[in-house]
Amino acid sequence: MNTPTHIAISYAALRGRSYNKADTIALFSGAILPDIVIYGMFFGALIVGIPQSTLWDQIYFLPQWQNAIDIFNSIPFALLILAAGIKLKKRWLSILALSILLHVAGDIFLHNDDAHRHFYPLSQWQLISPVSYWDQDHLGYIGMLAEACTLLVATIFLLPQLRNIPIKSTLILYNVALFSSALYF
């Protein structure tokens, strides 16, 4: 799934009325953290002039980058954070972990060639899904449509709760963009 969809899902699933600023930051951070290395790679490649085809066809699959990506997509890693949050009685830490786990749950069935090792470093196992969220060679149109529908459900839940007009507008525009992409492909 795309990162903005992960944010919307985490926000819809985990947002509580009694959340303080730290809880909200943790929720957004947990939705983004599993993709953080990928964003770093993308922007780093832009800065140093590495072609996107080289980045995604070669560099992305180097073992050191896969390890870095997979630690942030690791269920054991997220469970350690959750255990720490519970033990230390830090709600924001538990929210961070739950948001990471929601991200992983959203991704696990939508990656084919680029599947993560969700039990890293305890296991090298990958769920190679027949459906990708982006790759048309692996039923990407189904993955995109599933993501768009999931986002729509989260949006229907979120819109009545949101007071900020720019955030509401951005969420609606993202829905239109994602559905348009899904229907186009």
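Helices (H or I, at least four residues) and strands (E, at least two) are taken as DSSP runs and numbered from the N terminus. The model is predicted, so local features are reported only at pLDDT of at least 70 and side-chain atom pairs only at pLDDT 80 or more, whereas totals for chains, interfaces and linings use all residues. Residue numbers start from 1 along each chain as its sequence is written, and side-chain values use heavy atoms, with hydrogens and water left out.

Lysine 89 sits in the loop between α6 (75-88) and α7. Its phi is near 55°, a positive value in a residue other than glycine. With a relative accessibility of 75%, lysine 89 counts as exposed; here buried means under 20% relative accessible area, exposed over 50%, and partly exposed in between (1.4 Å probe, protein chains only). Leucine 139 belongs to the loop between α7 and α8, and for leucine 139 too phi is positive, near 55°, in a residue other than glycine. Leucine 139 is partly exposed, at 33% relative accessibility. The loop between α7 (91-107) and α8 (140-158) also contains proline 121. The peptide bond leading from tyrosine 120 into proline 121 is cis, with omega near 5°.

Axes are lines fitted to C-alpha atoms, for helices over the stretch in contact, and angles run from 0 to 180 degrees between N-to-C directions. Helix α1 (residues 3-14) and helix α2 (residues 21-32) have axes that come within 8 Å and cross at roughly 140°. The two are therefore oblique to each other, given that angles under 35 degrees count as roughly parallel, over 145 as roughly antiparallel, 65 to 115 as roughly perpendicular and the rest as oblique. The crossing of α1 and α2 is right-handed; a crossing is right-handed if the near helix is turned clockwise from the far one by less than a right angle, and left-handed if anticlockwise. On the α1 side, the contact (heavy atoms within 4.5 Å) is made by Thr3, His6, Ile7, Ser10, Tyr11 and Leu14, and α2 contributes Leu27, Phe28, Ala31 and Ile32. These residues divide into seven nonpolar, three polar and no charged, where Ala, Val, Leu, Ile, Met, Phe, Trp, Tyr, Cys and Pro count as nonpolar, Asp, Glu, Lys and Arg as charged, and the others, Gly among them, as polar.

Further along, α8 and helix α9 (residues 165-184) pack with their axes 9 Å apart, at an angle of about 160°. The α8 and α9 helices are therefore roughly antiparallel, and their crossing is left-handed. Residues making the contact include Met144, Leu145 and Glu147 of α8 and Leu171, Tyr174 and Asn175 of α9. By class, the contact of α8 with α9 holds twelve nonpolar residues, three polar and one charged.

Aromatic rings complete the picture. The structure holds seven aromatic pairs, defined for rings of Phe, Tyr and Trp (its six-membered ring) whose centres lie within 6.5 Å; planes under 30 degrees apart count as stacked, over 60 as edge-to-face and the rest as tilted. Tryptophan 56 and tyrosine 60 have ring centres 5.7 Å apart and planes at 55°, so this pair is tilted. Tyrosine 60 also pairs edge-to-face with phenylalanine 61, at 4.9 Å centre to centre and 85° between the planes. Tyrosine 60 is buried, at 5% relative accessible area, while tryptophan 56 is partly exposed at 31% and phenylalanine 61 is partly exposed at 38%. Elsewhere, ring pairs link Tyr39, Phe42 and Phe43 into a cluster.
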